[in-house]
Amino acid sequence: MDAQPPGPPTLTNVLTARRLGLDTQHEAMAFVQADSPVCRSEGFSAHSRVELTNGTCSIIATLYQTSTDLVSDQEIGLSEAAWRLLGLVDGCEISISHPAPLESLKTVRGKVFGQRLDAAGTLAIITDIVAGRYSDIHLSSFVTACSALPLDVTETIALTRAMVETGSRMTWDRMPIADKHCVGGLPGNRTTPIVVAICASLGLTIPKTSSRAITSPAGTADTMEVLTDVDLDLESMRRVVDQEGGCFVWGGGMHFSPADDALIRIERALDLDSEGALVASVLSKKIAAGATHVVIDIPVGPTAKVRSQAAALSLQSLLEKVAAEFGLKVLSLVTDGTQPVGRGIGPALEARDILGVLRNDPDAPADLADRACLIAGALLELVGKADAGAGKAMALNVLRSGAAYTKFEAICRAQGGFREPTLAEHSRPVLAPAPGRVTCIDSRHLARAAKLAGAPGDKTAGLDLHVRLGDRVKGGQPLYTLYTETPGELAYVIDYVMANPDIIELTKP
């Protein structure tokens with residue numbers, strides 16, 4: 001939307017916008033002088049929610065007050081998110097006012113006190129979230145309420161439907177539309193690019209949108225961005241899929257289930273991940289993207305997101321019940337989550353593993369290839385491309401023939417070109433202190449170490465895992481190697497891993 005040109009104020013609540021260059025990520029923030037005439041006349045106080053208007057464009061922002069010269073009493077300072085959302089240029093004047101009451105908060109309060117969500121109330125909440133009317137405090141209340149009183153099947157269906165209806169939807173002129181997803185929690189589990197390449201080379205349509213990392217060392221979009229362009233719009237995505245049968249696209253630009261990003265951000269900060277919210281998150285994006293058949297990977301392990309078989313079976317049941325309500329065919333695979341998949345943890349290192357598998361390199365991680373073929377095979381069977389029990393072998397044959405790599409490279413070139421990954425300049429191995437057998441690999445600590453090394457912001461940073469559960473190692477043998485872009489980061493992450501020697505546990509031989 002075009003910014004409104006500067007003009008003389010006609011209201012007492014009009015202030016000149018000033019761009020502060022503050023990166024507040026998703027949250028719109030505004031800053032005014034504590035003794036501003038607008039604050040006195042309107043009764044605004046610190047942390048008030050205010051409506052900011054530029055012409056026909058309005059947003060809700062959180063107001064903060066300052067007694068410094070950050071802004072004058074005739075100015076309002078804006079974060080980058082607020083500036084972008086309002087479409088401003090220097091010198092614009094915007095009005096500030098009290099927003100209308102949020103009626104949907106009544107439904108949130110009801111959930112806090114034990115009431116079940118209905119479809120209308122859920123849609124109102126999600127509509128307000130997508131419109132940016134909820135502050136992080138409001139979002140936290142909703143997320144916490146849905147965790148304290150877990151969503152039942154009816155509530156999960158309502159939440160899924162609301163998340164789909166408040167975003168974009170994609171339709172296709174062909175059937176079936178295949179997709180896959182992993183519920184997460186397992187470093188290096190970068191099967192998606194391999195699965196897409198296998199299935200697309202066999203003629204399936206598999207338009208894959210993926211996320212960037214939120215708290216992990218890499219998301220699929222982060223990893224694929226090492227190899228090709230992933231920030232495509234809907235028209236470009238459709239062109240690639242029409243040409244090659246599949247794609248590897250960052251989902252953030254697609255506006256599929258836009259409420260999900262806001263909810264996930266709060267869930268991660270609070271370390272809450274309720275079953276119903278997870279199901280709604282996964283399925284809403286699949287439905288919005290036009291998928292008809294989906295395979296979902298549920299890794300189970302002591303340091304994975306899902307930690308018990310009972311929890312996996314409960315999640316599996318809820319996924320299938322909710323999917324059925326929308327006519328979506330879902331197959332959930334409960335897989336081994338006791339250790340990372342592949343060797344690399346971090347975008348470039350994971351990209352290297354993907355290429356190794358697709359190119360059939362002798363030293364490519366066999367576990368990554370096996371898991372990718374398992375998932376691809378299940379998807380081939382689900383859509384009827386392979387007979388029951390024959391899908392994995394079909395996927396493996398395609399991988400070994402080189403057809404999957406040919407398709408992978410073709411998709412990359414259709415998306416903007418193919419690039420070879422490079423690794424960070426600075427590296428250091430972490431050595432076994434004594435001989436022993438590997439009895440435990442802490443996936444969460446390894447992911448933390450890779451993040452401290454700089455991943456995913458530094459695409460070439462992370463770590464390379466050299467051992468698997470059950471391996472026997474000698475004293476002084478490398479367990480994993482850390483990669484960083486600066487010596488300072490390397491020293492910092494070394495301090496962390498030295499303080500946590502049980503990241504990889506060894507028992508005496």
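The buried residues of helix α17 pack against β12 (344-345), β14 (436-441), β15 (462-465), β17 (478-484) and α18 (487-499), where contact means heavy atoms within 4.5 Å. The structure is a predicted model, in which local features need pLDDT of at least 70 and side-chain atom pairs count only at pLDDT 80 or more, whereas totals for chains, interfaces and linings use all residues. Residues are numbered from 1 along each chain as its sequence is written, and side-chain values use heavy atoms, with hydrogens and water left out. Helices (H or I, at least four residues) and strands (E, at least two) are DSSP runs, numbered from the N terminus.

Helix α17 spans residues 443-452, and its buried positions are S443, L446, A447, A449, A450 and L452; buried denotes under 20% relative accessible area, exposed over 50%, and partly exposed the range in between, with a 1.4 Å probe and protein chains only. At the start of α17, a side-chain oxygen of D442 comes to within 3.0 Å of the backbone nitrogen of R444. Just after the helix, G454 adopts a positive phi of about 125°. In the loop between α17 and β15, where P456 is found, the peptide bond from A455 to P456 is cis, with omega near 0°.

A further cis peptide bond joins M175 to P176, with omega near -10°, and P176 has its place in the loop between α6 (153-165) and β7 (178-182).

Positive phi values also occur in residues other than glycine. H47, in the loop between α1 (37-42) and β3 (49-54), has phi near 75° and counts as partly exposed at 39% relative accessibility. N360, in the loop between α13 (347-358) and α14, has phi near 60° and is partly exposed, with a relative accessible area of 35%.

The axes of helix α14 (residues 366-382) and helix α15 (residues 391-401) come within 7 Å and cross at roughly 120°, the axes being lines fitted to C-alpha atoms over the stretch in contact, with angles running from 0 to 180 degrees between N-to-C directions. The arrangement of α14 is therefore oblique to α15, since angles under 35 degrees count as roughly parallel, over 145 as roughly antiparallel, 65 to 115 as roughly perpendicular and the rest as oblique. The contact is made by A369, D370, C373, L374, A376, G377, L380 and E381 of α14 together with G391, K392, M394, A395, L396 and L399 of α15.

Methods
A polar contact is a pair of N or O atoms within 3.5 Å; within protein, one must be able to donate a hydrogen and the other to accept it, and residues adjacent in sequence count only if both atoms are side-chain atoms.
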